[in-house]
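Student: Please take me through the sheet in this entry, strand by strand.

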Amino acid sequence: MKSFDVLIIGGSAAGLSSALILGSAIGKPFAEGKKIGIITHQKTSALKTAELNNVLGFEKGTKGADILEKGLLQLAQDYPHVEQIEKEKVVSVNGASPNFIVKTNKNDYAATIIIVAVGPSNMFTIEGLMQ
């Protein structure tokens, strides 16, 4: 089972922002040698179908799907040490820090810390986080 010091659940705006921030900290003593991962499932992201108009820093008509795609590329280029776990959806989270077990539709992962960065939706069905 693959292990992470920090595992981010969610590949949309909040998850990618978290990964970028943690990725940029790799040179700091508190982050040195830490293993960071992000499960980049984006299927239920509200941003995926959005069209941005009148948003500071974005051209009118910018597609949310384009932002998500560029975010994944930015993370890979700027912080390749942050492992992107693609095409997996989290189905359950069990345990407590420092012994979380995150189960996806394909694999299990151990994590010391998890960051849950998913939006509220009727598609949010992660066992262990529903209460």
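This is a predicted model: local features need pLDDT of at least 70, side-chain atom pairs count only at pLDDT 80 or more; totals for chains, interfaces and linings use all residues.

Tutor: Residues are numbered from 1 along each chain as its sequence is written, and side-chain values use heavy atoms, with hydrogens and water left out.

Student: In what order do the six strands of the open sheet lie?
Tutor: Strands are DSSP runs of E with at least two residues, helices are runs of H or I with at least four, and both are numbered from the N terminus. Two strands pair if DSSP finds at least two bridges between them. The pairing in this open sheet is mixed, and the order is β5-β2-β1-β8-β7-β6.

Student: Which are the edge strands?
Tutor: An edge strand here pairs on one side only. The two are β5 (82-85) and β6 (90-94).

Student: Which residue of β8 stands opposite Leu7?
Tutor: β1 (residues 2-9) runs parallel to β2 (residues 36-39), with four bridges, and Leu7 stands opposite Gly37 there. Seven bridges join β1 to β8 (residues 108-116), also in parallel. In β8, the residue opposite Leu7 is Ile114.

Student: What is the hand of the β-α-β crossover from β1 to β2?
Tutor: The chain passes through helix α1 (residues 13-24) on the way. A crossover counts as right-handed if, with the strands pointing away from the viewer, the path from the first strand over the helix to the second runs clockwise. This crossover is right-handed.
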